[in-house]
Amino acid sequence: MRMGIDKRKFSWGMVLSLALLGFSMSTGWAINKGLTFKLLQEGYTNAPAVIGAVLSLQGLMGLIVPPLMGYYSDVYSSGRGRRTPFVLAGGILAGLIALAIYLGYVARMSLAAFAVILAAFYFFMYFFVAQYRSLMPDVVESGARGKVSGIITLFEWMGNLFLFGMIAFLAVKASAVTGVSDEIKAMSEAGYLWIPFAVVAIFLIGSAIYVFFRVKEPKIKGEMPEESLWDYFRTILSDRDFLSFYIAQMLWWLSFEFIAVFMFGILESVLGTSSVTALGNAIMALFNVTVLIGAITGGPLYDRIGRRKSIIIGGVLFLIPLLLGWFIHTKLQVTALIGFAGIGWGMLMATSWPVIGDLLTKYEKEAFNGRYYGFFEATKSFPILIAGLVGGGIVQLAGGNYKILFPVGAIFVLIALPLIWGMKHLDVMSNEKPGIDKIEDTQEGV
């Protein structure tokens, strides 16, 4: 049975409302990357394996929640749509729990209780991410998705930039005001530590409410066929292009997470000091500036020069700094390296998002965006689970030298790039839609 989405007239207002949601979600992930490692280190433990295990809860939640919620958003129906009710509930609850992270830390809860709060935050951040990803291809036709993805990705990483920049500014100001060199303690003593958490809560709750009332979801054309959860997974894994893309996605996100999860540890290994909170957030802010450059470049390239080529270019640009990372020794070198990596990463992000929607358009299965983007998010989250556990173990085997994560990450990108190049149907024009009989032929077993 042919299925599709009855697209509404293209609206930049609708795109920008999704961009606002992406910006807000990124502030939530940025506060996790920018403060959680140091909060665990300062308040609970200095053991890399324990910190990695707690942070890997994000990967566990991301592995389970998006595929399930994406699937159920496909089959869910209400007067308000299939996706936006999940966005509303998830955004409000994630914002409230962001405040609970701060309150749990200042109340000196046990490590177990603090980990539970973090797990709840990750759960509700992932509760609506598949729906957010699905809304873009739901409301934008194939052929324009690269440009739109570039714009929304730009806003996503502006959210990271905003939060990382805020944390770096507050850390420096707090140290100057209090005279305390430990920046987390200085922020706490100066009364600044609550500010990033409150900002995140405001953005998450506000954007979720706005999208719920602003975005009008298109109707499904045709009758939704029944597909069990098991059939959903089997169908995805039986298609060679989808499988290649998902594996490549896991590999380059694993490379990214090795660096992102342990950024402060890497800086400590490079510079020989533990006072890196301000520097780490400043470098993350710089990374997000260069990601913006990559995003606004990669999005249009995706529509113009070919989908595989644009992804490969981004992957190569991201790979080069990983190959050089083991050899850096100074603040300038690590700053330049991470900054350059951001260009490649921004291109990868902008060119990856439309892939699922375009393949589903080709197969005339756009009504299944939720479950396929849920699986997409799981492939990004599984590396977080592995990066925290395996990365911490690798660092301990390397004698505590976090720089080892650069060459290990490079290996994964080198494996991923040929998988993208081997995708057979990605660059077929979207107007060359096969009939239902041809869909069967394109979904090859592996």
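Residues are numbered from 1 along each chain as its sequence is written, and side-chain values use heavy atoms, leaving out hydrogens and water. Because this is a predicted model, local features need pLDDT of at least 70 and side-chain atom pairs count only at pLDDT 80 or more, while totals for chains, interfaces and linings use all residues.

**View 1. Helix 3 meets helix 10.** The axes of helix 3 (residues 57-75) and helix 10 (residues 229-237) come within 11 Å and cross at roughly 110 degrees. That makes the two helices roughly perpendicular (a word used for angles of 65 to 115 degrees). Axes here are lines fitted to C-alpha atoms over the stretch in contact, with angles running from 0 to 180 degrees between N-to-C directions. Helices are DSSP runs (H or I) of at least four residues, numbered from the N terminus. Look for Pro67, Leu68 and Tyr71 of helix 3, which touch Leu229, Tyr232 and Phe233 of helix 10 (contact means heavy atoms within 4.5 Å). By class, this contact has six nonpolar, no polar and no charged residues.

View 2. Helix 3 gives the most, with six residues.

**View 3. Lys33 and Glu257 form a salt bridge.** Their side chains meet at 3.3 Å, N to O (the cut-off is a Lys or Arg side-chain nitrogen within 4 Å of a carboxyl oxygen of Asp or Glu). The pair links helix 1 (residues 12-43) with helix 11 (residues 240-261), 224 residues apart.

**View 4. Helix 7 crosses helix 8.** The axes of helix 7 (residues 145-178) and helix 8 (residues 183-190) come within 8 Å, crossing at roughly 75 degrees.

Definitions and conventions: Parallel < 35°, antiparallel > 145°, perpendicular 65-115°, else oblique. Nonpolar A, V, L, I, M, F, W, Y, C, P; charged D, E, K, R; others polar.
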